Amino acid sequence: MDKIIVRGGSRLAGDVEVAGSKNAALPILFATLLTDERCVVRNIPDVADVRTTLRLLGDLGAEVEQDGADVAIRARELNSSEASYELVKTMRASFLVLGPLLARVGKARVSQPGGCAIGARPVNLHLHALEQMGAEVELVHGYAEARAGQLRGAHVQLDFPSVGATEHLMMVACLAEGDTEIENAAREPEIVDLAAALSSMGAEIEGAGEAVVRIRGASSLGGMDHRVLPDRIEAGTFLIGGAMTQGDVTVHGARADCLQAVIVKLREAGAEVEELDGAIRVSATRRLDGVDIKTLPYPGFPTDVQAQMMALATVSEGTSVVTETIFENRFMHAVEFMRLGADISLDGHNAVVRGVERLSGAEVMASDLRASVSLILAGLVADNETEILRVYHLDRGYQRIEEKLAKLGANIQRVKGAKG
Ligand code: EPZ
């Protein structure tokens with residue numbers, strides 16, 4: 001297993017480009033199963049979750065041809081309708097294959113995702129909605145086995161604006177008979193990007209990015225040529241890194257309209273943030289102030305940036321209260337920050353972070369994707385060396401981050417095949 005070693009004390013400065021969004025690319029790649037025509041998806045990030053998805057699509061019978069960040073997929077005929085536990089346990093988002101398979105071939109057998117380091121993450125909302133659309137779903141031996149004749153449009157009221165459930169339903173509704181209305185839909189930019197991809201396949205979708213999404217079903221969809229939107233979470237990560245190291249970083253490809261909640265908090269902390277055409281520049285010339293954050297569905301503060309913001313809080317002046325409302329257990333990084341000398345008290349969904357002048361390097365363990373990157377950020381402001389173990393989590397969602405950070409001036413290296 002690889003590890004990452006960061007020697008603290010560098011200030012991040014310069015230009016960096018963000019890759020395509022992992023969380024937008026994954027559902028769009030699954031949407032290619034909805035048609036037998038050729039789909040081209042551009043700007044996909046070179047990360048483990050995307051590679052896993054392309055492998056799954058190939059296993060199901062799709063022809064997959066990749067050329068750098070662009071991939072052409074043609075699911076002319078499918079020869080399987082199953083996604084195994086082996087696969088789903090490495091990437092929960094592969095559960096999203098269930099709906100497209102059901103809509104296309106009338107059946108699917110997909111492993112139920114288990115819990116993960118950040119919470120229980122059930123899929124009840126996905127399954128309940130599919131049942132409302134006429135699917136019969138049985139949970140057998142850890143698998144969701146679904147069958148359907150012609151799926152039909154439905155009025156679905158989500159109990160919570162789940163990103164995955166909204167995406168799942170939007171895909172299925174495109175091939176259902178009649179209209180579907182999703183109330184309390186997730187409003188994340190990745191939903192809007194999926195809707196754009198589906199629309200280019202000929203789907204009729206209204207309201208993506210709003211709380212009510214309406215989809216008019218069709219008997220078939222055509223191909224697409226779609227460019228995935230830039231990764232707002234990667235962009236937010238670089239902005240926070242630039243601010244907490246009192247640096248000056250321009251993040252190219254970052255869309256300020258998708259990152260307002262993070263930008264507002266960085267400004268409140270005392271960083272300067274400029275919204276440029278096609279880029280965002282952050283700079284700070286002093287130690288930042290502590291700020292309170294509370295994660296919420298979009299457009300609220302993203303849970304996927306919570307760990308990075310907590311890294312910033314550990315070395316800010318004063319106290320920050322970090323409240324996590326999306327996942328029940330997304331504070332594993334806090335305990336690792338404490339090993340680096342951070343002063344944090346945890347109480348349920350709240351972390352009270354009292355900023356210290358400097359962290360002190362140590363060995364730490366990554367527990368999930370965003371926790372991993374937040375530990376790298378913490379390592380940048382720690383004395384001596386910080387060794388981050390289990391970085392395979394990092395590779396699921398960040399494309400060559402150590403190279404990008406090194407280019408910005410970080411003293412960082414990956415050690416291949418390390419123990420731990
Ligand atoms: C997506 O996960 C993202 N993943 C996550 O990013 C992100 O943290 C999350 O949305 C929230 O923004 C992808 O897009 C691939 P949810 P998803 O369904 O769709 C509960 C990262 O680091 N819930 O909006 O799984 C659930 O348990 C990852 O890139 C149910 O109770 O998130 C959670 O508490 C991590 N029942 C909350 O809703 C359901 O059926 C939000 O989950 C579905 C969800």
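I'll start at the ligand: one of its oxygen atoms sits 2.6 Å from a polar backbone atom of Ile326. By polar contact I mean a pair of N or O atoms within 3.5 Å; within protein, one must be able to donate a hydrogen and the other to accept it, and residues adjacent in sequence count only if both atoms are side-chain atoms.

Before going on, this is a predicted model, where local features need pLDDT of at least 70, side-chain atom pairs count only at pLDDT 80 or more, and totals for chains, interfaces and linings use all residues. Residues are numbered from 1 along each chain as its sequence is written, and side-chain values use heavy atoms, with hydrogens and water left out.

The side chain of Arg370 places an N or O atom 2.6 Å from a ligand oxygen. Leu125 has a backbone N or O atom 2.8 Å from an oxygen of the ligand. The ligand taken alone exposes 830 Å², of which the protein buries 85%; these areas come from the Shrake-Rupley method with a 1.4 Å probe.

Which residues come nearest? Helices here are DSSP runs of H or I, at least four residues, and strands are runs of E, at least two, numbered from the N terminus.

Now the salt bridges, each a side-chain nitrogen of Lys or Arg within 4 Å of a carboxyl oxygen of Asp or Glu. The structure holds 32. One of them joins Asp225 and Arg42, with the closest N and O atoms 2.8 Å apart. Asp225 is in strand E14 (residues 224–227) and Arg42 in strand E3 (residues 38–42), so this pair ties together parts 183 residues apart in sequence. Asp225 is partly exposed at 49% relative accessible area, and Arg42 is partly exposed at 29%.

Glu190 and Arg232 also pair, again with closest N and O atoms 2.8 Å apart. Glu190 lies in helix H7 (residues 189–200) and Arg232 in helix H8 (residues 232–244), so the bridge ties together parts 42 residues apart. Are these two buried or exposed? Both are buried, where buried means under 20% relative accessible area, exposed over 50%, and partly exposed in between (1.4 Å probe, protein chains only).
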